[in-house]
Amino acid sequence: MLKSHKKGAIESSELISWILILGGFVVIIVFIFFKLDLGSQTKEDLCKLSVLTRATSPQEASAYVPLKCTTKKICLAENGKCADYNGEDNLENIKLTKDNEAKQQIEKTLAESMYNCWNMMGEGKLDLFNGGLAKSLSLQAQSVSCVICSRVKIENSNLDKLNVNVEEYMRTTQIEGRSETYLQYFANDRSVNSYVSPKINENENKITFSNNPVNEYAVVFSQIKPENYENAVEKLATFAGVAGVGAVQVPFIGKALISPVGLTIAGLTGLGVAGFSMSKVYEGKAAAAVYCGQFQSETESKNNGCSAVQILPYEVNTINKICAAIEGAP
Amino acid sequence: MKSKRADLREHTVQVFVAVFILVIIFGFAVNFYFSYSQNKEKESAKSIINVLEERIKSMPENSAVNKTIQGVNGENWVLTSFDFSNPNRPDACFEQPCIYICKAVSSSIEEDCKNNGVFRRLNYDEIEIINPIVVSVYSPGGGKQIMGYKEAYNIAIDLPKNLIEIQIEKRIENGKKILIITHYSEEYLANKHKLLSFGEGGKFGTSGGGSSF
């Protein structure tokens, strides 16, 4: 508090002190977030730090806080190398075994990628893409923004025979270092042991994206602040023909490699103003997690929104249909 | 007891200094705000051009690949190139051809790239950017009747805020190292069939002219 000796008068020395403190604070913030070499930290730590910084910044300035997230490239190949990833930054090569262990390697990698992404992005509860000043002044339309947390390339000649089932893996496997399964973590409920029943209208909802076999997938985090939740979840995770509130699309893995990639839409139950849900894949092998509710914020005016993390084929048409803008480094 | 006005007069200098300093801080903040938003877009462009450079370098000669790349998180950014065929090329590309990601705000891509862009010099004799469009050809004499369609080429590829697919081709022709980066936009692919109305002669391969779809 400023001392005032007379009503309305502030000592000039104190005023100058406060100005210097304010100026010093600004300089330190600028130094920490824009100039300090954080090379000693892992890319994931750096991303998480930038996510927290953005989420706790005032809305008018938050869009200008950079998300220092770099897409992780994971190569799962029999020879341990993917030619397509030559020269890529933030690359991890995993040698796939030729036996049945390959199935588990793929499932583990995809499940972990989803977990890491969700964890890194504040489990969907942080307001990351609020549009900054332009959005505050209503100059910008509502759109879905994304971060591609990782890309996973699978090079296995027998992939279609492996019967990869990420969904089942997430239901039955505990996360390393935690006493809950992936499914329980995403559902934010330790009593959850099964997926909700899908509402499938096959004619309407089975959408074909590509005639080409897909062997590269992206783990995508997306977020929107909607006018209503029905639209929000549709924009985040579906393209058309959604029956009911709260539907997500997920890719087939495995069968999709020998046939056109089909995406199914699965219904979520219990998705309301706030809450976590985990989608059930109709006959696919992967899953998506969605959070809709009030974002955590330091400010009084908390925003509502929806976030999702999902595995999608890494294709222009597929990703661009969901993401109007992608942040982070490729 | 002094009046408020007397109090204010007594502290005129302090108030003036305080206001002056606050104005400076406010000015600094506004400047920082806008320059940083520009810088953020440039950082995004840098990371894209790094990926592109690495991908090009890692490719063998006489090969072509399709590459899905992330666009720039900002408006009006384009991918273009400058080689020895362009006398107005930016200084950065004077001795060696280069690829450039620039913010296109005027009709002169050269000026835009000089003012706001990131570049990578590449060891090639020629670098071509091909972004074909279908343009309509009108009847002579300024008529409004469309006579047919032809293919024209933009010398820059618009980079969206999400993903874009490009084709990178490395070729050696008559001892010359050539790099070709091609993008077929959805618009072009949707209208490509119209070129058939002109038959083989419909492809003029010109730059610009007519009106695109």
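What share of the 213 residues in chain B is buried? The figure is 43%, where buried means under 20% relative accessible area, exposed over 50% and partly exposed in between, with a 1.4 Å probe and protein chains only.

Some conventions before I go on. This is a predicted model, where local features need pLDDT of at least 70, side-chain atom pairs count only at pLDDT 80 or more, and totals for chains, interfaces and linings use all residues. Residues are numbered from 1 along each chain as its sequence is written, chains are lettered from A in the order in which they are written, and side-chain values use heavy atoms, without hydrogens and water.

Chain B first. It has 4 helices and 10 strands, taken as DSSP runs (H or I, at least four residues; E, at least two) numbered from the N terminus. Of the contacts in chain B with a separation of 6 or more, 66% join residues 24 or more positions apart; contact means heavy atoms within 4.5 Å.

B:Val17 sits in helix α2 of chain B, residues 12-58. B:Val17 counts as partly exposed because its relative accessible area is 34%.

Now chain A. Helix α2, residues 43-55, packs against helix α4, residues 101-120, at an angle of about 35°, with the axes 9 Å apart. Axes are lines fitted to C-alpha atoms over the stretch in contact, and angles run from 0 to 180 degrees between N-to-C directions. From α2(A) the contact uses A:Glu44, A:Cys47, A:Lys48 and A:Val51, and from α4(A) A:Asn116, A:Asn119 and A:Met120.

A:Ser50 also lies in helix α2 of chain A. A:Ser50 counts as buried because its relative accessibility is 6%. Beyond neighbours within four places in sequence, A:Ser50 touches A:Val65, A:Pro66, A:Leu67, A:Lys68 and A:Cys69.
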